[in-house]
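This report looks at the overall build, the pockets, the cavities and a few residues of one protein model. The sequence and structure come first.

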Amino acid sequence: MRYYICLSLSILLFLTSCKNETKSDVLSNYFTYDQSNVESAGVKMIPIKTPVGEFKVWTKRFGSNPKIKILLLHGGPAMTHEYMECFETFFQREGFEFYEYDQLGSYYSDKPKDSSLWTTDRFVDEVEQVRKAINADKDNFYVLGNSWGGILAMEYALKYQQNMKGLLVSNMMASAPEYGKYADEVLAKQMKPEILAEIRALEAKKDFSNPRYMELLVPNFYKEHLCRLKEWPDGLNRASKHVNGEIYTLMQGPSEFGISGRLAKWNIKNRLHEITIPTLMIGAKYDTMDPKAMEEQSKLVKKGRYLYCPNGSHLAMWDDQKVFMNGVIQFINDVDNKKI
């Protein structure tokens, strides 16, 4: 009897040891990026060729997963990856390989001054160069874009979906004019008339640098429709400090009620049917984007799914985090398991 007990204990210890070694090996592989050079926690400056020269963009890799490589596209234009740091906790738990990334002109990347660089087509070409640099392809490459990053993600899919496995569009309508109409006819009317009148007066004078403009926008618009958390996350505060205002204004325009810059007439709604890869459209109740439009977009693509965040705003990844992250993770796993 003692023999069998000892034998059973030996087998148990052996199996436990194997299990621990396996877990250790997995973690070791997950956090190993490039042992041939000085390791830098996954940070890499990727060279990008443009019509006016070569520059570098900042990326940071997390994990190692040959089946799932996710590229995060921040908003703005010319915000930073910092407000998307919340994905680190959730995606690492899932064992996903993913990349934070500052687009050209953003704080951690090169910031050339040639204004001809700030076009959607040029940014799309940049994303394709980043994809090649991270060795992603049609069998593992997911793009997740928020706000302006959603514009970029949809445009990238229209040109390069043959290199993608899945597309996730977070809080971005496919038509800038329709977004402007929603902001003007729905969101603006939710504000107190006297507050809206003062904002409109400042905009009419193009007095956007007036401190009063932000004093009005932060509590009456940003806190309602951008991020509804009482205390904003550190990453969002850092991203707000680091925005490249020159590029932002050139492409988005100075007003927060719609788009008035180079993107003012952007509209690919009638092309969404061309997107045939699995696509998740994410909308939120308090978003700057019409959640009903986001739902419609999920039906216009060939293999669409809609995720609604009932307590979320434009940054539902923060203020409706569990619903947002659970839906995103479920979608990625379903695509990986060929359920969509």
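## Basis of the values

The model is predicted, so local features are given where pLDDT is at least 70 and side-chain atom pairs where it is 80 or more, while totals for chains, interfaces and linings use all residues. Residues are numbered from 1 along each chain as its sequence is written, and side-chain values use heavy atoms, with hydrogens and water left out.

## Overall build

The protein chain has 12 helices and eight strands (DSSP runs numbered from the N terminus, helices being H or I of at least four residues and strands E of at least two). Its radius of gyration is 22 Å, close to the 20 Å from the globule rule for 340 residues, so the chain is as compact as a globular protein of that length. The radius is taken over C-alpha atoms, and the globule rule is 2.2 Å times the number of residues to the power 0.38. Along the principal axes, the C-alpha atoms fill a box of roughly 90 × 45 × 40 Å.

Of the 340 residues in the protein chain, 52% are buried (under 20% relative accessible area, with exposed over 50% and partly exposed in between, using a 1.4 Å probe and protein chains only). The chain exposes about 16,400 Å², and carbon and sulfur atoms supply 53% of that area (Shrake-Rupley method with a 1.4 Å probe; for residues, only the protein chains shown count as cover). Among contacts (heavy atoms within 4.5 Å) with a separation of 6 or more, 73% join residues 24 or more positions apart.

## Pockets

Pockets and cavities are found on a 1 Å grid over the protein atoms alone: a cavity is a set of points where a 1.4 Å probe fits but cannot get out, and a pocket is an open set with protein on both sides within 12 Å along at least five of seven lines. Lining residues have an atom within 4 Å of a point. Grid points are joined across faces, edges and corners, and a volume is the space filled by probe spheres set on the points.

The largest pocket has a volume of about 720 Å³. It is lined by 35 residues, and Gly76, Met79, Tyr222, Tyr248 and Glu256 are the closest to its centre. Helix 4 (148-160), helix 7 (211-226), helix 8 (234-242) and helix 9 (245-252) each give two or more residues to this lining, and helix 7 has the largest share, with six. By class, the lining has 23 nonpolar, 11 polar and one charged residues (nonpolar: Ala, Val, Leu, Ile, Met, Phe, Trp, Tyr, Cys and Pro; charged: Asp, Glu, Lys and Arg; polar: the others, Gly among them).

The second largest pocket holds about 350 Å³. Of its 18 lining residues, Tyr33, Asp34, Gly42, Lys44 and Arg61 lie nearest the centre. Strand 1 (43-50), strand 2 (53-62) and strand 4 (97-102) each supply at least two lining residues, and the largest share, three residues, comes from strand 1. This lining has seven nonpolar, five polar and six charged residues.

## Cavities

There are two cavities of 30 Å³ or more. The largest cavity, of about 40 Å³, is lined by Lys111, Pro112, Lys113, Trp118, Asn244, Glu246 and Ile247. These divide into three nonpolar, one polar and three charged residues.

The second largest cavity has about 30 Å³ of space. Met173, Ala174, Ser175, Glu178, Lys269, Ala293 and Gln297 line this cavity, giving three nonpolar, two polar and two charged residues.

## Selected residues

Leucine 168 is in strand 6 (residues 166-170), and counts as buried at 0% relative accessibility. Leucine 168 and leucine 144 are 24 residues apart in sequence and 4.6 Å apart in space, C-alpha to C-alpha. Beyond four places in sequence, leucine 168 touches Tyr142, Val143, Leu144, Gly145, Leu280, Val328, Phe331 and Ile332.

Glutamate 82 lies in the loop between strand 3 (69-73) and helix 2 (87-94), and is buried at 0% relative accessibility. Leaving out residues up to four places away, its contacts are Tyr108, Gly235, Arg238, Ala239 and His242. Methionine 289, in the loop between strand 7 (278-284) and helix 10 (291-300), is buried at 3% relative accessibility. Apart from neighbours within four places, methionine 289 is in contact with residues including Met173, Tyr179 and His314.
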